[in-house]
Amino acid sequence: MRARRTTMTTTAAALGLVLVLAACGDPGSSSGSGTSSASTPTAASNLEVCDPVPGDTFVGLEDDKTLQNPDNIIPAVNAAAAGENADIVATLDTVSAVLDTPALVDLNKAVDVDRQTSQQAAADFIAANDLGSPESVGDGAEVIVGAPNFSEGQTLANLYVEVLKAAGYDAKTQDVGNRELYLTDLESGAITVIPEYVSTLTEFLNAKVNGENPEPVATTDLDATVEGLTTLGEEVGLVFGMPADAQDQNAFAVTAAFAEEYGITTLTDLATTCGDVVLGGPPECPERAFCQLGLEETYGLEVGEFVSLDAGGNLTKDALRQGNITVGLILSSDPSLATS
C-alpha cells in the first residue's frame with residue numbers, strides 16, 4: 001500500500017480537524033462507483049445506511065480492535081557503531097520520546113503542503129521540543145544518517161541529524177535508495193543510522209534471515225514485534241532504539257462532516273452504526289486480510305459497495321471530498337490529516 005516503502009507488512013490525522021488515529025492494512029480489488037442509497041435500514045442487519053457526507057477535512061478512524069500491525073518509527077543503527085558509542089542510540093531515543101503521530105502528520109504537512117524544506121521542518125521540531133541542548137557526548141564522531149527517498153523519510157533523517165549534531169556528533173544525511181540497497185550499507189557500516197518502521201522492517205528482515213514466505217514475526221503487539229525485530233537484527237548486525245509513538249501505517253478515513261453527523265470516531269462505531277458502507281481503496285483491497293476482509297471479519301463492517309481507487313492517494317481523497325465513498329484507505333501520517 002505504501003509505495004514509498006519497498007516491503008508491505010502483510011501480517012499486516014486534512015487541515016483543521018481533530019485527529020483520531022486509524023489503522024488498516026493491505027488493500028484490495030474489484031471495481032465500482034457511486035454512493036450508498038438513502039438512510040434506510042438494510043435488510044440484512046437493520047443498520048442505518050449512512051450516506052457519505054462530502055467535506056474537505058478528514059478524520060482517521062481509530063483501529064480499536066487492532067487490525068493493523070504497528071509501524072512505529074524506530075531508529076535502526078549499525079551495531080558496531082553503537083558498540084563504539086552507545087550514546088548514539090540514547091541520543092536518538094530523545095526524538096522517539098516526543099514524536100507521536102499528530103507531530104509526524106504536522107511535519108509532513110510542513111514539507112508537503114507548506115513547502116518548507118525537510119531541514120527547516122526538522123529544525124523547527126527540535127526547537128519546539130527543547131531537543132537542541134542535550135548533553136554533549138559525541139566528541140566529533142562521524143555519524144551518517146540515511147535519508148530514504150520520500151519526504152517523510154528525508155524529514156525523519158534530518159530530525160536525527162539535528163539532535164545528533166546538538167549532542168556533539170559530526171552528523172550528516174546521505175540520500176539512499178530502496179530498502180534492499182540501504183540496509184546492506186547499514187549492515188556494513190557505510191551508513192550509521194536509518195529511520196525505519198517496526199513491522200515493515202521486521203518482516204523484511206524475517207524474509208532475509210529465514211527465507212521466502214517465513215512464519216510472520218510482526219504481530220499486533222508492539223512490544224512483541226520489537227522483540228522479534230531485535231532478535232532478527234542481531235543476525236545482520238543491527239540494533240534499534242526506542243520506537244516512537246508516531247506511526248505511518250494504513251488507516252481508514254471519513255470526512256470530518258461524516259464523523260460529526262453520525263458520531264463516529266472508531267472503526268467499531270462505523271461497523272455498529274452504518275450498513276451498506278461504500279468503501280474506497282486500491283484494487284486489491286477486497287481480497288486482503290487487512291483491508292476489506294479484515295474490516296468485515298474483525299469489525300463486522302457491512303461493505304455494500306467497493307470503489308476501486310488508489311492506495312491512500314488523490315483518487316481516494318477526492319472521492320471522500322466529493323461524497324462518492326463513505327470511508328477510504330489513507331495513510332495515518334498523511335498531511336491531509338493535519339490538525340492545523
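Colleague: In this predicted model, by about how much of the helix are Arg 321 and Asp 318 separated in H12?
Modeller: Helix H12 covers residues 314–322. Arg 321 and Asp 318 both belong to H12 and are three residues apart. Their separation is therefore about one helical turn.

Colleague: What is the distance between the closest N and O atoms of Arg 321 and Asp 318?
Modeller: A salt bridge requires a side-chain nitrogen of Lys or Arg within 4 Å of a carboxyl oxygen of Asp or Glu. Arg 321 and Asp 318 form such a bridge. Their closest N and O atoms are apart by 2.8 Å.

Colleague: Are Arg 321 and Asp 318 buried, exposed or in between?
Modeller: Partly exposed lies between buried, under 20%, and exposed, over 50% relative accessible area. Arg 321 has 29% relative accessibility, so Arg 321 counts as partly exposed. Asp 318 has a relative accessible area of 32%, and is therefore also described as partly exposed.

Colleague: How many salt bridges does the count come to?
Modeller: Among them are Lys 109 with Asp 114, Lys 172 with Glu 142 and Arg 321 with Asp 318. The count of salt bridges comes to six.

Colleague: What is the orientation of H4 and H5 to each other?
Modeller: H4 (residues 118–128) and H5 (residues 151–166) pack with their axes 8 Å apart and at an angle of about 50°. Roughly parallel would need under 35 degrees, and roughly perpendicular 65 to 115. H4 and H5 are therefore oblique.

Colleague: How many residues in the contact of H4 with H5 are charged?
Modeller: H4 contributes residues including Ala 121, Phe 125 and Ile 126, and H5 contributes residues including Leu 159, Glu 162 and Val 163. The contact residues divide into seven nonpolar and six polar, and the number of charged residues is one.

Definitions and conventions:
Residues numbered from 1 in each chain as written. Predicted model: local features only at pLDDT ≥ 70, side-chain atom pairs only at ≥ 80, totals over all residues. Heavy atoms only, no water. Axes fitted to C-alpha atoms, helices over the stretch in contact; angles between N-to-C directions. Helix = DSSP H or I, 4+ residues; strand = E, 2+ residues; numbered from the N terminus. Parallel < 35°, antiparallel > 145°, perpendicular 65-115°, else oblique. Contact = heavy atoms within 4.5 Å. Nonpolar A, V, L, I, M, F, W, Y, C, P; charged D, E, K, R; others polar. Buried < 20%, exposed > 50% of the residue type's maximum accessible area, 1.4 Å probe, protein only.
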